[in-house]
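Please keep the structure open as you read.

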Amino acid sequence: MADKISTCIIGSGNWATTIARNVGRNVAAMANTMEPKVYMYVYEEIVEGRKLTEIINTTHINVKYMPDFVLPENIVAVDDIVTAARDSDILIFAIPPTFVSSCCKTLLGKVKPTAHAVSLIKGFERGDDGQIILISQIIMRQLKVSCSVMVGCNLAHELANDNFAEGTVGCRDQKYYRVLRDIFKSETFRVVVTEDADCVEICSTLRNIIAFAAGCSDGMELNENTKAGIIRRGFLEMLQFVDVFYPGCRMGTFFEACGISDLVTSCYANRNRKLAEAFVKTGKPLCELEHILISGHEPLGPVTAELVHILLKKKGLVDKFPLFTTVYKICMGDLPLTRLVEALCQASEDIFHPQHTFQL
């Protein structure tokens with residue numbers, strides 16, 4: 001590519017800011033091929049009497065979301081999303097899923113037609129027909145550009161502290177295979193690129209259901225064997241869900257960071273796990289706890305469980321996914337918590353497939 005590749009980051013939360021540190025450092029070191037300045041779209045807020053964009057650009061610290069970490073000086077905060085994105089070749093989306101559609105509508109026709117988006121967003125949306133829509137699909141449909149995904153590490157502060165972590169890029173454009181790996185990675189953040197973008201994204205969302213089940217186990221003070229059983233059963237149901245609804249995905253993708261690593265991490269340190277534990281211990285409704293514990297974030301565990309249940313019910317497969325189904329019914333108040341362990345005890349040792357059954 002003769003022209004230098006320019007990059008922007010849409011979002012300024014803790015995950016966006018963490019990734020901005022890697023991207024800023026990496027593109028500065030790739031001066032021959034990358035434009036060093038990286039715009040970061042920041043939803044403007046007033047912090048201690050000053051604009052957040054002004055604070056970031058003068059102190060290079062996002063005092064609202066990552067106050068203990070310094071951003072590279074080539075990260076430039078702007079409060080206008082079009083200004084951030086219009087001249088960029090790579091558009092990195094790191095915003096809550098509820099804001100994706102509105103951002104894409106604002107940007108439609110105002111970005112390069114050749115631009116390539118990368119979604120760092122975990123979650124599904126529900127289509128008018130009840131089907132699941134991946135966030136990357138929403139971006140592609142609404143913004144009319146191709147879109148890859150990058151998931152796998154959901155603990156931003158650990159990555160920012162240079163603890164070892166892994167991520168997976170599901171890339172939909174071969175031209176950006178190496179570029180995406182090189183702008184996200186660091187000495188302690190290992191990034192693997194695969195073509196299996198759908199599977200990468202689906203795994204990162206389904207794990208929220210399993211993390212919620214793990215949190216219920218913690219809340220009931222069950223033992224580690226039970227929690228391990230939840231993780232194992234959840235992993236199997238992830239495999240069969242993808243096999244049924246997204247045939248053609250690669251088995252190896254489940255063993256990348258987006259699969260087993262993200263699943264295990266989520267079951268021990270995830271807002272859905274935390275929400276479920278509080279749900280059990282306090283007896284308060286989920287809607288009340290959401291505002292207290294995860295203010296500003298959608299509780300993806302209960303939401304994903306509902307979307308998945310709708311699909312399973314349409315296909316007549318509810319009984320084939322006992323853990324996913326039990327989590328959904330617990331969230332709805334249709335089953336007591338004790339049914340979680342019963343679901344594990346009574347689960348079939350077969351994996352359902354639309355054509356045949358694989359014996360484990």
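## A loop residue to start with

Glu-45 lies in the loop between strand 2 (34–41) and strand 3 (46–47); helices (H or I, at least four residues) and strands (E, at least two) are DSSP runs numbered from the N terminus. Residues are numbered from 1 along each chain as its sequence is written, and side-chain values use heavy atoms, with hydrogens and water left out. Do bear in mind that this is a predicted model, where local features need pLDDT of at least 70, side-chain atom pairs count only at pLDDT 80 or more, and totals for chains, interfaces and linings use all residues.

Is Glu-45 buried or exposed? Its relative accessibility is 19%, so Glu-45 counts as buried (buried is under 20% relative accessible area, exposed over 50%, partly exposed in between, with a 1.4 Å probe and protein chains only). Setting aside neighbours within four places in sequence, Glu-45 has contacts (heavy atoms within 4.5 Å) with Arg-50, Lys-51, Leu-52, Lys-64 and Tyr-65.

## Rings that meet

Rings of Phe, Tyr and Trp (its six-membered ring) pair if their centres lie within 6.5 Å; planes under 30 degrees apart count as stacked, over 60 as edge-to-face and the rest as tilted.

| Pair | Centre to centre | Angle between planes | Type |
|---|---|---|---|
| Phe-241 and Phe-321 | 6.4 Å | 80° | edge-to-face |
| Phe-321 and Phe-324 | 6.1 Å | 20° | stacked |

Through ring pairs, Phe-241, Phe-245, Phe-321 and Phe-324 are linked into a cluster.

## Where the domains touch

An automatic or database domain assignment divides the chain into domain 1 (5–195) and domain 2 (199–356). Their C-alpha centres are 27 Å apart, and the contact takes 27 residues from domain 1 and 29 residues from domain 2. Between them the domains bury about 2,300 Å², 57% of it on carbon and sulfur atoms; this buried area is the accessible area (1.4 Å probe) that two parts lose on being put together, summed over both. In domain 1, Phe-124, Arg-126 and Ile-132 lose the most area to domain 2, together 25% of what that side buries.
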